[in-house]
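Welcome! Let's take a friendly walk through a protein model and look at a few of its side chains along the way.

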Amino acid sequence: MYKIRVSDLTIVASNNLPATLQNVHSIKVNASRGEFYLTGSIIDPIYMLKVNTSDLSYTQIDLSSYITHATDDMCFYDNGTVCKVFVGGEQFYGTEPYCGVVIETTNSNALSAIHIKPSYGLFIDGVKVYSASLDGYIQTFSALDPTNVSTFVLEGYAPNEVMATSTGRTFLTHWDATN
């Protein structure tokens with residue numbers, strides 16, 4: 001990892017990724033906390049790094065008890081007091097009925113399962129989290145209470161990306177492996 005001063009392209013900090021996270025699959029920046037979050041691709045053990053933006057030091061968080069094959073889209077909710085990072089999995093974890101995990105970065109990185117279907121990614125609009133699930137499902141839950149999940153079916157579509165606008169409209173992209 002490199003922190004580069006844009007004005008003169010000078011490297012001002014650097015740090016090596018740990019051996020457990022050599023293939024970054026997703027990244028989200030939380031500028032208000034001065035940190036960013038990284039997850040690995042499907043060939044790595046499933047870890048998330050919480051990285052300090054000033055010196056690139058990090059905390060490594062093991063997610064492998066909750067998900068396999070982390071998605072390439074994660075999201076976070078931060079109200080200034082509580083920060084929760086939401087990561088989905090593309091496959092069920094063993095025989096468990098969940099495919100998501102929430103990491104409370106402001107609570108010693110506490111982990112909790114989210115009972116959602118396998119997902120292509122998690123997206124947030126305000127406090128509403130969307131999961132673009134496989135097989136035509138969109139699931140939603142509140143960032144404040146991820147135990148209450150609503151499921152909607154889009155026949156014939158495989159939602160991949162979700163975007164909500166400030167006017168209350170929601171847009172989806174369709175994953176088609178043939179394109």
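Tyr2, Ile4, Leu9 and Ile11 together make a nonpolar surface patch of about 470 Å². Please keep in mind that this is a predicted model.

Take Leu9 as a member of this patch. You can find Leu9 in the loop between β1 (2-5) and β2 (10-14). Its relative accessible area is 66%, so Leu9 counts as exposed, the cut-off for that word being over 50%.

## Two salt bridges

How many salt bridges does a search of the whole structure find? The search finds two. One of them joins Arg5 and Asp8, whose closest N and O atoms are 3.1 Å apart. Arg5 is partly exposed because its relative accessibility is 38%, and Asp8, with a relative accessible area of 42%, is partly exposed too.

Another salt bridge brings together the side chains of Asp78 and Arg33, at 2.6 Å from N to O. This pair links distant parts of the chain: Asp78 sits in strand β8, while Arg33 belongs to the loop between β3 (24-30) and β4, and the two are 45 residues apart. With a relative accessible area of 22%, Asp78 is partly exposed. Arg33 is also partly exposed, at 28% relative accessibility.

## Aromatic rings that meet

Now look for rings. The structure holds two aromatic pairs, and Tyr37 with Phe76 is one of them. Their ring centres lie 5.7 Å apart and their planes stand at 70°, so this pair is edge-to-face; the label applies to angles over 60 degrees.

Here again, distant parts of the chain are linked: Tyr37 is in strand β4 (residues 35-40) and Phe76 in strand β8, 39 residues apart. Is Tyr37 buried or exposed? Tyr37 is buried, because its relative accessible area is 0%.

## A buried charge without a partner

Finally, visit Asp73, in the loop between β7 (68-70) and β8 (75-78). Asp73 is buried, yet has no salt bridge. Which side chain of opposite charge is nearest to Asp73? That is Lys28, 5.2 Å away.

Leaving aside residues up to four places away in sequence, Asp73 touches Ser26, Tyr120, Gly121, Leu122, Phe123, Asn160 and Glu161.

Technical notes:
Residues are numbered from 1 along each chain as its sequence is written. This is a predicted model: local features need pLDDT of at least 70, side-chain atom pairs count only at pLDDT 80 or more; totals for chains, interfaces and linings use all residues. Side-chain values use heavy atoms; hydrogens and water are left out. Helices (H or I, at least four residues) and strands (E, at least two) are DSSP runs, numbered from the N terminus. Buried means under 20% relative accessible area, exposed over 50%, partly exposed in between (1.4 Å probe, protein chains only). Lys and Arg count as positive and Asp and Glu as negative; His and the chain ends are not counted. A salt bridge is a side-chain nitrogen of Lys or Arg within 4 Å of a carboxyl oxygen of Asp or Glu. Contact means heavy atoms within 4.5 Å. Patches are made of residues with over 30% relative accessible area and no salt bridge: like charges are joined within 9 Å, nonpolar side chains (Val, Leu, Ile, Met, Phe, Trp, Tyr) within 5 Å. Accessible areas come from the Shrake-Rupley method with a 1.4 Å probe; for residues, only the protein chains shown count as cover. Rings of Phe, Tyr and Trp (its six-membered ring) pair if their centres lie within 6.5 Å; planes under 30 degrees apart count as stacked, over 60 as edge-to-face and the rest as tilted.
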